[in-house]
Amino acid sequence: MSQLANKHQAINLSQGFPNFETSKQLKELVHTAMLNGHNQYAHMRGDLELREVIVQKIHKSYGATYNADNEITVTAGATEALFNAITAFVHKNDEVLIFKPAFDSYEPVVKLNGGIPVYIQLHYPNYQINWQEVASKISTKTKMIILNSPLNPTGTLLSKEDLQALEKIIRGTDIIVLSDEVYEHMTYDGLTHESICKYDTLKNHSFIIASFGKTFHNTGWKMGYAAAPKQLMDEFIKVHEFNVYSINTPFQKAFAAFIKDENNYNYLNQFYQNKRDLFLNGIQHSKFTFIPSKGTYFQLLKYDNITLENDVDFAKRMVQEFKIAAIPVSVFNTHHLDEKVLRFCFAKTDDTLLKACDILCQIR
Ligand SMILES: Cc1ncc(COP(=O)(O)O)c(C=O)c1O
């Protein structure tokens, strides 16, 4: 979609990245770290000071305790962390529960390792999980459940009740939960992110995956981390060691200094809520319908008042005719289920969002 958007010089609300700059202070911290000679291999698990800062951040945010020595690994983005966690545990014929729509990197890694994805399709508009259905899909071969909240692409959140239901399913099993929480700092309307690590039973079975790229507006730096109990992290680190060994040093030094100050991330919910609201106000008189996103920097828009074309065709036509790009949600679904919904990324400058709203209001 991004390529098509570039070809047609369309406003690109398709791919999930900000079109504004990361913090100047953070860039200066990287530069200073380089000038101060932090340019050789870092510790395999990540710079110790950064790991300690991550442990403090998790504790401040969710009250959970991890050990910086052996329960945190700094990774090349969330993508590497997801790869390592799946590769460390999922082997031939192991089953992995994946909720659809899902971010596109889970399923290929499961398959690469010989695992079998078992899908649970959620539906527009609430994408509510039926935990009885989940329980019915658990078998002796179930090795892992992959969760993502706030959920890309739907903008929905797992609730306390969801996590309590999951806790019941997991208790007494060896099932591992891979909890992708890369949008943890983007929740709206007073709702808060329910991290898996707030629930003791779940924490003991889980990897939490985070992305500095998503949180600090620098997706191109490819930095993130995994947090998990020692017995899980001991396996994860074996894949990390022979995958990348360690992550670049100066950026880790910079994040260690930057993340110490919680003001550098506590503003994000409001910052993104303002963008979501600007976008939704701007399209309130359009023919698109929506439920406001509760989290992530994505907003779904339903277009069945405009056309009944399938979502891929409509998304392509929007780029060609109207010069605006979005992602058809069917690409994230099982069997390309088409519920006539498109995903728009609102991590864009206000100016870009206002231009996008003007266009969307003209599509009738
Ligand atoms: C749900 C989800 N997980 C993981 C990632 C990848 O994060 P990173 O860029 O840190 O590898 C993305 C990126 O779009 C995402 O949406």
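Author: Helices (H or I, at least four residues) and strands (E, at least two) are DSSP runs, numbered from the N terminus. Axes are lines fitted to C-alpha atoms, for helices over the stretch in contact, and angles run from 0 to 180 degrees between N-to-C directions. This is a predicted model: local features need pLDDT of at least 70, side-chain atom pairs count only at pLDDT 80 or more, and totals for chains, interfaces and linings use all residues. Residues are numbered from 1 along each chain as its sequence is written.

Reader: At what angle do α3 and α11 pack?
Author: Helix α3 (residues 48–62) packs on helix α11 (residues 249–259) at about 35°, and their axes are 8 Å apart.

Reader: Which residues make the contact?
Author: Glu 49, Leu 50, Val 53 and Lys 57 come from α3, and Gln 252, Phe 255, Ala 256 and Ile 259 from α11. Contact requires C-beta atoms, placed from the backbone, within 7 Å.

Reader: Turning to α15, which residues are buried?
Author: Leu 353, Ala 356, Cys 357 and Leu 360 of α15 are buried. Buried means 20 or more other C-beta atoms within 10 Å of the residue's own, exposed 12 or fewer, and partly exposed in between, with C-beta atoms placed from the backbone.

Reader: What do they pack against?
Author: The buried residues of α15 pack against β1 (11–12), α13 (268–282) and β10 (324–325). On the other side of α15, Asp 351 and Gln 362 are exposed.

Reader: And where is Thr 192?
Author: Thr 192 lies in the loop between β6 (176–180) and α8 (200–205). Thr 192 counts as partly exposed because it has 13 C-beta neighbours inside 10 Å.

Notes. Contact = placed C-beta atoms within 7 Å.
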